[in-house]
Amino acid sequence: MTSSPAEPSPPSLARFHVQSEVLRMSTQPLGPVLIVQFLLNGGIAALFAWQYSLPRALLWMALIALVTLMRAFWPQRLPDALTPATLRHAQRVHTLRTAVWEIAHGAAGVLLFNPASAEQQLLLGLILMGMTLSSAFSVSFYVPATQLAITLLLAPVVVMGLAFGAPTMRAVAVIGIGLIAMMWKLVADHSRQLEENIALRHNERALREQALAGLHESQRAQAERLRFFSAANHDLRQPVMAMGLQAEVLRQQLRDGAPAHTVQGTVGALSRAQQALEGLTDQLLEIGRIEAAADTLTPCAVSLAPLLHEFARQEGSGRVRVRCPADAQAWSDPVALRRILGNLVDNALKFTPQGRVLLACRRRPGAWRIEVRDAGIGIPLDAQERVFGDFEQVGNVERNLQRGHGLGLAIVRRLAQRIGVQPTVRSAPGRGSVFGFEVAMPPHTAGGATPAFTVPPAMVLPVLPLRADIAVLVVEDNAVVAESLAALLRLWGARPRVYESAAEAMALADLHAIDVALCDIRLPGTIDGIALAERLQRQKPGLVIALISADIDEATQSLARDRGWHALRKPVNPAALKVVLRSAG
């Protein structure tokens, strides 16, 4: 795609602005200066009319009057906004008008030249040289126009002096030739200095504008961060308050001997509040990792059909349908692409109480259009622009935490920016929504299509009974977390052995009697949880090991898969922990 000739390219933009300002300075109305010049010219004409020829002097004054009227009543007017094309045209017009002006003045070198009087010749030559020095820095600031003006003003008297002048006049004519050359150079140097000053002023103005824009952007970002953290603080406090209140209710119920079903209801409310808090903290952590670009993007060819069908299988109830060509491949980071689609599918299911969700993939020139279509509540037109904002929820004004926190689509927006796609939405209230984006097709080599990465399906583990009296090594420096893990393990019939550091565990634990090791990654001392897990695996290769941390990232999960370990993100889900224990057989 080529740039329009009416728009200057970035490298020549500064030069264009400088030349535009030079031309505007050159075409400014002279006002009283024209009157003074006309009077001076009238005095010169009167002098030569008296000493040489009245008709010739009147003819010259007629020419001067015409060009003075032209400049006074028909000045050159420039458009408010110049373009390269209009600038070049305006420069040509300005040069032509300047040439007409100086031809009229330079005509004095012919009309007022008296071949019979050396004194009058010398006087005329000196007058025109003075006019040349004056006009060099007043008639125009545009170099070609000024250099042409100097030549047209002085050349006639130089030619007449060389051809018909007395010996002294011929010497003056030669000096005039040198004066023309000198004035050309002075005009060029003066113009260059002027353009540098103008460019410097433009740069200073641009720097001021950039500084102001940076300040406004900083203020906007600060206000956005304040709004984000205020909303996060609000939504974090809700489940925390609910857990505190439910804990007090549970304490009273246990003290008063409340029925089991009543206690179970309170425990269920506690669990739901804990799940809401866990979901919010996970989303906030994910937003932080996206903005910090903590996860490296690795674009490759991704098979879309297996990925979309995997979301349908995970949903389980048959509400998610897929329409995708079997050979559809996209060029993108598979992890980021899966997270985008996962959030879109979760959002569609959450706001579609009844009906189906369709995952559709259609071919576009050089790309695939992926859409998530639902038959849910829909989004009003005025809310569609802000639906990808932080903590924005349509149809959940009561902020029901069971319907999310308004961060799913914000994560989609951030991930989409990272992989270079633009999410869109089409919707109408009561008619559902269509969220979609286009992702590029993979490049093809001469030998054929690029091998595709197939997103692996979710692993289905057999449900094994939990072995009684299983020995579990717990290495956790947080006393509250360690106590909670140990209490849950004892409740399941396991034998937990708790240590605060890797060094303590290596020194005191009987590793041969351990079946499972739960290692917190961030441990005090020089040995962290990963280094501890590696040592434990070397000493007992068959040991079941699980890494535990609040910031399990893709690199940690990949490392755990390669080593045959488990990776559990805090807060640890009891069901996920039970899966780890069952794997010890």
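The model is predicted: local features need pLDDT of at least 70, side-chain atom pairs count only at pLDDT 80 or more, and totals for chains, interfaces and linings use all residues. Residues are numbered from 1 along each chain as its sequence is written, and side-chain values use heavy atoms, with hydrogens and water left out.

The largest nonpolar core has 39 residues, and L304, L341 and F437 touch the most other members. Such a core is a set of buried Ala, Val, Leu, Ile, Met, Phe, Trp, Tyr and Cys residues joined through side-chain atoms within 4.5 Å, where buried means under 20% relative accessible area (1.4 Å probe, protein chains only). Helix α11 gives this core its largest share, seven residues.

Strands β11 (residues 471–475) and β12 (residues 495–499) run parallel and are joined by five bridges; strands pair if DSSP finds at least two bridges between them. Helices (H or I, at least four residues) and strands (E, at least two) are DSSP runs, numbered from the N terminus. V475 has Y499 in β12 as its bridge partner.

The second largest pocket holds about 900 Å³ of space. Its lining has 25 residues, and Q274, L488, P571, V572 and P574 are the closest to its centre. Two or more lining residues come from each of α9 (260–291), α14 (479–491) and α18 (574–582). The largest share of this lining, eight residues, comes from α9.

Technical notes:
1 Å grid on protein atoms, 1.4 Å probe; cavity = no way out; pocket = protein on both sides within 12 Å on 5 of 7 lines; lining within 4 Å. Points joined across faces, edges and corners; volume = space filled by probe spheres on them. Buried < 20%, exposed > 50% of the residue type's maximum accessible area, 1.4 Å probe, protein only.
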